[in-house]
Every structure is written in structure tokens, then in C-alpha cells.
Amino acid sequence: MRYKLLLLTGDNERYRSLLQSCHLPEIEILGDETQHISQANIWLAEPSLAAPLLPHGKHIIWMQSTIAGVDALVKPRQRKDYRLTNVRGIFGPLMSEYLFGYLLAHQREHSIYRSQQAQKIWRPGSFKTLQGQHLLLLGTGNIAKHIAQTAKHFGMHVTGINRGAKPTIGFDDVDTLANLPHYLSQADAIASILPSTPDTRGALNAQTLSLIKPDGILFNLGRGDVLDLDALYLQLKENIHQNAILDVFNQEPLPQHHPIWTLDNVIITPHIAAPSFPEQVVEIFADNYHKLLRGERLSHEVNFERGY
């Protein structure tokens with residue numbers, strides 16, 4: 001066989017079955033034995049599982065990540081002598097469902113009515129609509145574009161933040177991260193979908209968080225290290241009408257001793273906003289594998305210097 005494939009996932013048998021149904025030519029799917037790490041020249045892997053084994057991958061030429069986040073593989077001291085691709089283009093619909101599910105529940109006060117139902121209380125609350133509200137998206141990539149498109153269906157004004165303030169279809173305004181403070185004070189809802197880079201780490205810190213509107217709602221959906229979680233805890237503890245929906249964290253699982261667990265104006269979910277399903281990952285892998293055979297450029301190739 002021309003290529004030998006190593007699977008490093010939490011569900012190797014599922015991936016093996018799906019790959020075998022693709023009838024990929026010139027490839028052998030190796031077993032889980034330790035010696036195969038050095039033999040394989042292609043890895044289909046979860047970054048957290050692959051990172052500690054990279055020094056032993058003597059023949060690796062390409063790794064397909066099973067997820068979008070490849071932070072563990074692009075750290076300064078990690079090797080960069082192979083091609084790395086990740087999973088993109090499939091998360092927009094899932095992330096939109098997550099964001100607007102929670103945003104609409106918040107706006108329509110679902111939790112209040114649920115509580116009133118338990119007490120058999122009939123008491124209409126304050127009606128809030130997304131129409132005319134301002135959504136600030138930190139990031140303007142594929143996921144953010146889908147969220148922006150959904151937001152426009154609700155009649156929202158959408159501002160995007162990216163590296164060069166490049167105009168992007170679907171956004172009313174686009175600006176740079178340096179001007180983030182100006183928009184934080186205007187936004188009704190804020191969602192970070194930024195990658196982890198030297199420029200984005202800690203972008204949401206005590207200073208910037210203090211600019212959020214008194215009744216603003218913050219979503220962190222991209223990378224945990226964009227947000228200073230300790231600063232957010234202090235911010236939300238003092239501003240009880242602000243809310244946060246948090247799906248990603250610098251340390252996962254989120255340690256049980258962190259005080260942010262206890263806040264009533266926070267919802268914590270275990271990194272489930274937009275999971276990558278094996279069927280979707282295998283489809284992307286198969287497409288890239290055929291491109292590899294044809295000598296073409298692979299889709300979703302990661303720039304090691306940028307980190308995404």
C-alpha cells in the first residue's frame with residue numbers, strides 16, 4: 001500500500017467502518033498497536049491525542065484533525081514538518097442553533113415562565129424582540145458568516161471583528177480587534193468565535209468586559225483563552241443583569257472549584273455547541289485524500305504560524 005493511516009480518535013471503530021465504506025484506494029488502515037505510530041504516514045486524529053505522540057511519527061506527511069481547534073498541534077515547540085488540515089465549513093448551522101437557541105430563550109424569558117408554571121402563576125412578562133438589536137461577532141469566518149446570516153433574518157444589526165477590517169458579506173460593519181472597546185458598549189449580544197492566536201488571547205479581559213452594556217449577553221464559542229474567566233466572574237457577580245453563555249474554557253473540563261459555576265446569570269455547557277460528527281469528518285478526509293493522490297492542494301490546511 002502507498003499510504004498507511006493511523007486512527008487516533010475516541011471512536012476508532014466508527015471511523016474505521018466509515019472509511020472502509022469509502023473504498024479509498026492505495027491506503028491501509030492500521031491497528032491501534034504502538035508500533036504503528038512510527039509506521040503511519042497519514043494520521044486521522046484528535047489533536048489532544050496526537051500532540052504527545054508526534055515525536056514518534058517518523059514518517060508522517062499529513063494529519064487530518066477531527067475538529068477545528070488544533071491549538072495543541074501549533075504550539076511554538078511542536079514539529080511543523082508535515083501538512084495539517086482541520087475541519088471547517090460544517091459548524092455554522094450548529095453554532096447558529098446553539099447561539100440563537102439560548103439568545104431567544106433569554107430574550108423571551110423562558111426560565112421565568114417555567115418557574116411561574118411550577119407555581120401556577122399567570123403573569124405576562126416584558127416582551128423583547130431581536131429586531132433592531134445589535135449583535136457583535138468577534139470573528140468573520142465561515143461560522144460567523146452563518147450566524148450573521150441568521151441574525152439578519154431576525155432583523156438584527158451585525159458588526160464583525162477581524163484582523164484587517166476586511167468588508168465581509170452579511171455584516172453591516174467590520175472593524176479590527178483594536179477597536180473592539182468601541183463596539184462592546186453598543187452591542188446587545190456579543191459572541192466570540194475567534195481562533196487562539198497571540199493577538200486574540202485575553203482580548204476579553206477585565207478592561208474590555210467592563211464596557212459591556214448593563215443588560216448585555218456574552219457568548220464564548222471559539223477558544224477558551226480569548227476570555228479571562230476570572231475577570232468575567234467578577235464582572236458578572238457585580239452586574240447581575242448581564243449574562244454569559246460559555247461553551248469553551250482554557251481548562252477543560254472546567255474545574256469544579258471555579259466560582260463561576262455558582263452564578264445564576266451564567267450558563268455553562270461542556271464544549272458541545274458544534275460537535276464534529278464522524279460522518280462529516282470522514283467526508284472531509286476522503287475529499288482531501290483524493291486531492292493528495294492527485295497532487296492537489298488540500299482543503300482547510302492550517303497555517304502553523306497563524307495557528308489556524
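Hi everyone. When I say contact today, I mean heavy atoms within 4.5 Å. Please keep in mind that this is a predicted model.

Let's start inside, with phenylalanine 100. Setting aside neighbours within four places in sequence, Phe100 is in contact with Leu130, Leu135, Ile147, Thr150, Ala151, Phe154 and Met156. Phe100 also belongs to the largest nonpolar core, which has 49 residues. Phe100 is among the members that touch the most others, along with Leu103, Leu137, Ile147, Phe219, Phe285 and Tyr289. And which helix gives the most to this core? That would be helix 10, residues 278–294, with seven residues. Apart from this core lies another one, of 28 residues, including Leu138, Leu227, Leu229 and Leu236.

Now over to helix 1, residues 12–22. Its buried residues are Asn12, Tyr15, Arg16, Leu18 and Leu19. What do they pack against? Helix 10 is one partner, and strands 1 (3–8), 2 (27–29) and 3 (42–45) are the others. Just after helix 1, His23 takes a positive phi of about 50°.

Lysine 120 isn't a glycine, yet has a positive phi of about 55°. You'll find Lys120 in the loop between helix 5 (110–118) and strand 6 (134–138). Is Lys120 buried or exposed? Exposed, because its relative accessibility is 80%, and the cut-off for exposed is over 50%. Histidine 300, in the segment after helix 10, has a positive phi of about 60°. With 25% relative accessibility, His300 counts as partly exposed.

Last stop: the peptide bond from Glu252 to Pro253 is cis, with omega near 0°. Pro253 sits in the loop between strand 11 (243–246) and strand 12 (266–268). Thanks, everyone!

Key: Residues are numbered from 1 along each chain as its sequence is written. This is a predicted model: local features need pLDDT of at least 70, side-chain atom pairs count only at pLDDT 80 or more; totals for chains, interfaces and linings use all residues. Side-chain values use heavy atoms; hydrogens and water are left out. A nonpolar core is a set of buried Ala, Val, Leu, Ile, Met, Phe, Trp, Tyr and Cys residues joined through side-chain atoms within 4.5 Å. Buried means under 20% relative accessible area, exposed over 50%, partly exposed in between (1.4 Å probe, protein chains only). Helices (H or I, at least four residues) and strands (E, at least two) are DSSP runs, numbered from the N terminus.
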